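Subject: Structure for your files

Hello,

Please read them with the model open beside you.

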Amino acid sequence: MDRRDAALATELVYGTLRGQGTYDAIIAACVDRPLREVDPPVLDVLSLGAHQLLGTRIPSHAAVSATVELARVVLGDGRAKFVNAVLRKISAQDLAGWAAQVAPPYEDDAEDHLAVVHSHPRWVVSSLWDALGRWQPEDAGRSAMERLLDADNARPEVTLVARPGRSSVAELREALPEAEDGRWSPYALRLAEGGDPAGLDAVRENRAGVQDEGSQLVALALANAPVDGPDRLWLDGCAGPGGKAALLGALAAERGAALVASEKQPHRARLVARALNGNPGPYAVITADGTRGAWQQGAFDRVLVDVPCSGLGALRRRPEARWRRRPEDIAGFGPLQRDLLRNALDAARVGGVVGYATCSPHLAETRAVVDDVLRGREDVEWVDARPLLPGVPELGDGPDIQLWPHLHGTDAMYLALLRRTA
Ligand SMILES: C[S@@+](CC[C@H](N)C(=O)[O-])C[C@H]1O[C@@H](n2cnc3c(N)ncnc32)[C@H](O)[C@@H]1O
């Protein structure tokens with residue numbers, strides 16, 4: 001495919017997946033049987049057509065004829081007629097008109113309304129709303145939720161990181177004159193109009209990479225947290241695929257510190273090794289289970305655990321994730337998240353700092369995990385993370401922080417910073 005066709009194919013697939021909740025509700029209103037009785041391939045074609053009609057600027061006649069032609073080729077003439085009839089019904093109204101028709105009124109059922117209009121599973125709307133209310137109690141009403149859900153549905157801009165000591169924003173900008181400065185990270189450059197950074201020398205040589213600014217901020221905050229005494233050995237306990245490890249490795253190198261990047265899955269550990277390849281300071285990549293104390297206790301000055309989580313904070317990046325996740329996944333991650341944090345705390349020396357991060361704002365994966373682990377532990381204190389993200393507004397009451405796509409333009413990363421005191 002040439003670049004334009006590839007971009008269109010990506011937009012059609014991602015857009016259809018993102019909008020699936022809304023499109024399903026609309027398609028259901030246009031067929032005379034329950035959706036589960038429509039053959040999945042027919043439903044796929046109808047969803048692709050609905051997205052073209054309601055979510056793109058493709059003219060209606062072109063959207064209908066291209067989709068019916070697709071149906072004819074992959075499904076046969078009979079089903080193509082059915083697709084044609086349904087698409088003609090869908091094309092009778094725009095998205096707003098359909099949303100008003102198929103979603104319950106906000107006043108009757110606010111969560112269901114938002115779920116249908118903004119194409120999120122209802123339980124996800126509910127979880128995000130709980131978290132937003134906890135962190136932004138002054139700005140967690142209908143409009144804030146609409147902005148958050150819209151941000152999840154927007155195509156995320158590509159953000160690059162110029163790994164310090166290896167590359168610079170100025171170097172990247174020379175190759176990408178249209179790019180804008182990061183909002184918060186001094187190492188970030190944003191490609192608002194998209195673009196293909198893979199061709200850049202700095203990216204090919206690992207001196208720069210693609211990394212959301214929220215992830216950059218997590219690594220920066222951990223690197224800049226005050227520690228008493230030596231600052232020689234850092235650990236990233238959940239390093240795969242290696243974005244934060246590569247930034248931490250570069251920051252550590254600037255200070256003469258070494259990084260151990262550990263990852264349980266061998267294939268992901270290989271990605272970490274690739275990301276760190278060429279790091280200017282000492283580092284080691286190991287394959288190890290971070291719940292089993294694969295390293296000496298009390299050995300590290302700084303420790304990051306960016307734990308496996310539901311990813312509800314990165315829905316804009318993974319359009320299908322919201323439909324794959326189940327509410328019970330949240331509880332499923334809980335024991336591992338607690339174990340990883342406990343072991344990270346044990347890995348830090350007295351006076352050292354630990355960062356616990358998730359790319360989910362779900363309260364059960366964030367503050368609840370830290371509170372549980374700290375209960376009964378006398379050897380840990382909170383570090384206020386807010387001053388370590390200078391200039392970033394609306395971080396909450398501290399000491400931990402929660403970023404939001406609609407407020408910060410980042411993934412919804414959570415970070416708690418903790419210090420070993422005894
Ligand atoms: C959220 S990702 C980390 C992302 C990474 N910090 C980055 O910025 O590229 C969590 C990682 O933890 C790894 N993991 C899962 N269980 C683990 C365990 N018991 N010990 C160590 N790593 C584990 C997963 O394979 C996954 O690569």
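α3 crosses α4 in a right-handed manner (a crossing is right-handed if the near helix is turned clockwise from the far one by less than a right angle, and left-handed if anticlockwise). Helix α3 covers residues 40–55 and helix α4 residues 60–75; they pack at about 165°, and their axes are 9 Å apart. Axes here are lines fitted to C-alpha atoms, for helices over the stretch in contact, and angles run from 0 to 180 degrees between N-to-C directions. The angle makes α3 roughly antiparallel to α4 (under 35 degrees counts as roughly parallel, over 145 as roughly antiparallel, 65 to 115 as roughly perpendicular, and the rest as oblique). On the α3 side the contact is made by Pro 41, Val 42, Val 45, Leu 48, Gly 49, Gln 52 and Leu 53, and on the α4 side by Ser 60, Ala 63, Val 64, Thr 67, Leu 70, Ala 71, Val 74 and Leu 75. Two residues are in contact if their C-beta atoms, placed from the backbone, lie within 7 Å. The residues of this contact are eleven nonpolar, four polar and no charged (Ala, Val, Leu, Ile, Met, Phe, Trp, Tyr, Cys and Pro count as nonpolar, Asp, Glu, Lys and Arg as charged, and the others, Gly among them, as polar).

Before the rest, two notes on the model. It is predicted, and local features need pLDDT of at least 70, side-chain atom pairs count only at pLDDT 80 or more, and totals for chains, interfaces and linings use all residues. Residues are numbered from 1 along each chain as its sequence is written. Helices (H or I, at least four residues) and strands (E, at least two) are DSSP runs, numbered from the N terminus.

Val 45 sits in helix α3. Val 45 counts as buried because it has 23 C-beta neighbours inside 10 Å (buried means 20 or more other C-beta atoms within 10 Å of the residue's own, exposed 12 or fewer, and partly exposed in between, with C-beta atoms placed from the backbone). Leaving out residues up to four places away in sequence, Val 45 touches Thr 67, Leu 70, Ala 71, Leu 75 and Val 83. Between the C-alpha atoms of Val 45 and Pro 393, 348 residues apart in sequence, there are 43 Å.

Two further helix pairs involve α7. Helix α2 (residues 20–30) and helix α7 (residues 110–117) have axes that come within 6 Å and cross at roughly 95°, which means α2 is roughly perpendicular to α7. Gly 21, Thr 22 and Ala 25 of α2 make the contact with Ala 115, Val 116 and Val 117 of α7. That contact has four nonpolar, two polar and no charged residues.

With helix α8 (residues 122–135), the axis of α7 comes within 8 Å and the crossing is at roughly 115°. α7 passes α8 in a right-handed crossing. Here Glu 111, Asp 112, Leu 114 and Ala 115 of α7 meet Arg 122, Val 125 and Ser 126 of α8. By class, the α7 contact with α8 consists of three nonpolar, one polar and three charged residues.

Next, the ligand. Which residues are closest to the ligand? They are Cys 238, Gly 240, Lys 244, Gly 290 and Asp 306, out of 18 that surround it (a residue is near a molecule if its C-beta atom, placed from the backbone, lies within 6 Å of it). The shell has four nonpolar, eight polar and six charged residues.

Gly 240 is also joined to Pro 241 by a cis peptide bond, with omega about 5°. Pro 241 is in the loop between β5 (233–236) and α13 (243–254). A cis peptide bond also joins Gly 398 and Pro 399, with omega about -5°, and Pro 399 lies in the loop between β10 (380–383) and β11 (401–402).

Glu 394 is found in the loop between β10 and β11. Its phi is near 55°, positive although the residue is not glycine. Glu 394 counts as partly exposed, with 14 C-beta neighbours inside 10 Å. Asn 206, in the loop between α11 (201–204) and β4 (208–210), has phi near 70°, again a positive value in a residue other than glycine.

Regards
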